[in-house]
Amino acid sequence: MATYYPEPSRTFSEYLLIPNLTEKHCIPGNVNLSTPLVKYERGETPAISLNIPFSSAVMQAVSDHEMATALARCGGISFIYCSQPIEEQAEMVRKVKGYKAGFVASRSNLTPDHSLQDILDLKQKTGHSTVAVTDDGTPKGKLLGIVTSRDYRTSRDLLDKPIRDFMTPFSSLIYGTSGITLSEANDLIWSHKLNCLPIVDERQNLEYLVFRKDYDAHKENPLELLDENKSYIVGAGINTKDYEERVPALVEAGVDVLVIDSSDGYSEWQRETLQFVKSNFDVKIGAGNVVDREGFMYLVESGADFVKVGVGGGSICITREQKGIGRGQASALIEIVETRDRYFAETGVYIPICSDGGIVHDYHITLALAMGADFVMMGRYFARFDESPTPKLKVGSRFVKEYWAEGSNRARNWQRYDMGGKQNLMFEEGVDSYVPYAGSLQENLDKTISKIKSTMCNCGASSIEELHHKARITVVSATSLVEGGAHDVILKENSLSGE
């Protein structure tokens with residue numbers, strides 16, 4: 001006979017946190033939200049950690065290079081969607097890695113023989129207002145000059161005017177030499193009131209550019225998620241169909257971590273994909289999604305560096321409705337965390353867990369962390385912001401953004417659901433929808449993080465690891481859910497209300 005689970009399949013809304021003693025030192029300003037992204041052994045430091053426990057979903061309507069840059073600037077990570085041509089995804093990764101808080105390899109280069117029109121065309125293509133002029137037009141060629149928007153006036157200069165006639169020549173440039181530290185480079189920038197400092201070797205070949213704006217941005221965003229080269233850390237999704245071609249391109253582009261994007265991760269296709277990546281590349285990779293101990297252990301034993309938990313809990317996912325497959329997000333998380341902790345105790349290897357889906361309110365994030373998740377992955381939450389790829393539309397009297405599932409026909413992402421059959425979607429597992437427009441990521445993220453930190457203080461925890469051990473959680477009844485919100489009053493509008 002079939003195996004039956006006697007306990008109900010529960011969601012986050014069916015639980016509340018019980019307050020613990022809040023000690024005087026446990027205030028929001030002292031709460032540390034850093035968390036491991038990939039597995040590590042007891043006593044070691046994870047190869048990659050997040051500064052905030054947020055990742056954006058592997059979705060066309062959520063995670064492109066703009067979202068990845070914005071979220072990394074805040075301390076989280078995006079996994080750029082894989083339902084696009086390989087080179088386009090790789091180019092998005094390159095764009096994110098090109099945003100550096102330190103030494104930048106020049107990506108806009110021309111020769112002295114190019115014209116003002118070439119400058120304008122390059123600026124329109126890349127968005128860069130600073131162009132390095134080298135002898136051969138390459139990023140590492142002999143530096144002959146620099147062009148910025150202050151060097152020309154389109155209203156007066158002819159478009160065929162050669163660059164050599166208006167560039168700032170090398171003889172007039174302030175520059176740094178090989179071996180200079182970032183601190184020394186920034187000192188030169190400030191002492192000479194520069195916006196950009198080129199770094200050259202002993203033969204005058206260009207090595208890097210250092211920008212004032214990167215220094216300012218880092219000071220304004222102290223939680224930036226950076227690699228050892230001061231580039232933003234970025235993830236990318238892959239599927240179990242074209243990984244042999246996609247992974248090499250992403251690794252060459254500089255991706256820091258991969259994740260297999262699938263509605264059901266408990267499959268031999270995922271094991272094969274994990275083993276291929278682990279055998280051929282030095283890059284971290286997560287897998288999923290799963291909802292029970294068996295699925296979790298299968299992926300761990302296959303080599304996953306982290307595991308995503310959740311099937312059917314997303315706001316636009318209809319897998320449960322279409323196929324009757326899935327599990328309440330809270331129930332799935334509780335069982336898998338218990339398995340993870342036992343595995344850690346027995347082996348000394350810690351496997352981070354990503355809770356993916358089922359989050360409706362901000363406090364659900366804190367609940368997921370309290371239940372043992374190391375970070376959460378969200379789609380709807382991030383789809384609402386300016387930084388998501390979709391345009392802001394006005395529908396009726398309100399502004400919205402489009403938001404569609406990777407399992408919808410619109411996404412054309414049959415690889416995500418590939419089970420060895422036809423190369424198309426026979427039925428949808430997701431819908432096409434709108435979400436209310438919410439403004440900038442930074443503003444909304446600050447508010448959400450403020451709620452999380454405040455709640456953690458109520459629980460007597462000043463770190464996520466401490467929350468894992470100290471949290472006390474209770475099941476709630478249907479009537480207590482009603483009691484928990486505003487009731488029996490006539491509400492006034494409040495600018496601070498909402499998520």
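Okay, let's start with helix 1, where His 65, Met 67, Ala 68, Thr 69, Ala 70, Leu 71, Ala 72 and Cys 74 are buried. By buried I mean under 20% relative accessible area, while exposed is over 50% and partly exposed is in between, with a 1.4 Å probe and protein chains only. Helices (H or I, at least four residues) and strands (E, at least two) are DSSP runs, numbered from the N terminus.

Quick word on what you're looking at. This is a predicted model, where local features need pLDDT of at least 70 and side-chain atom pairs count only at pLDDT 80 or more, though totals for chains, interfaces and linings use all residues. Residues are numbered from 1 along each chain as its sequence is written, and side-chain values use heavy atoms, with hydrogens and water left out.

Back to helix 1. It is mostly covered, with 8 of its 10 residues buried. What do its buried residues pack against? The partners are strand 5, strand 6 (77–80), helix 2, helix 12 and helix 13. Just after the helix, Gly 75 has a positive phi of about 110°.

Now zoom in on His 65, which lies in helix 1 (residues 65–74). Is His 65 buried or exposed? Its relative accessibility is 15%, so His 65 counts as buried. Setting aside neighbours within four places in sequence, His 65 is in contact with Ile 80, Met 92, Lys 95 and Val 96, where contact means heavy atoms within 4.5 Å. There's also Arg 94: His 65 and Arg 94 are 29 residues apart in sequence, and their C-alpha atoms are 8.6 Å apart in space.

On to helix 2 (residues 86–98), where we find Gln 89. Gln 89 is buried, with a relative accessible area of 0%. Its side chain makes a polar contact with the side chain of Arg 246, at 2.7 Å. A polar atom of the Gln 89 side chain also lies 3.0 Å from the backbone oxygen of Ile 80.

Next, helix 13 (residues 441–458). Why does its length make sense? With 18 residues at 1.5 Å a residue it should span 26 Å, and its end C-alpha atoms are 26 Å apart, so the two agree. The expected span here is 1.5 Å times one less than the number of residues. Among the buried residues of helix 13 are Leu 441, Leu 445 and Ile 452. Their cover includes strand 5 (54–56), helix 1 and helix 14 (464–470). At the start of helix 13, a side-chain oxygen of Ser 440 comes to within 3.3 Å of the backbone nitrogen of Glu 443. Following the helix is Gly 460, with a positive phi near 75°.

Let's switch to sheets. Two strands pair if DSSP finds at least two bridges between them. Strand 22 (residues 392–395) and strand 23 (residues 398–404) are joined by 4 bridges, and 5 bridges join strand 23 to strand 24. Look at Val 400: Leu 393 stands opposite it, and Val 400 also stands opposite Pro 436 in strand 24. In the hairpin of strand 22 and strand 23, there are 2 residues between the strands, and Gly 396 takes a positive phi near 70°.

Another open sheet has 4 strands in the order 7-14-13-12, and its pairing is mixed. Strand 12 and strand 13 (residues 196–200) pair in the parallel sense over 2 bridges, with Val 200 as the bridge partner of Thr 177.

Last stop, the core. Which residues have the most contacts inside the largest nonpolar core? They are Phe 54, Leu 258 and Phe 382, in a core of 104 residues. A nonpolar core is a set of buried Ala, Val, Leu, Ile, Met, Phe, Trp, Tyr and Cys residues joined through side-chain atoms within 4.5 Å.

How values were computed:
Polar contact = N/O pair within 3.5 Å; in protein donor to acceptor, adjacent residues only side chain to side chain.
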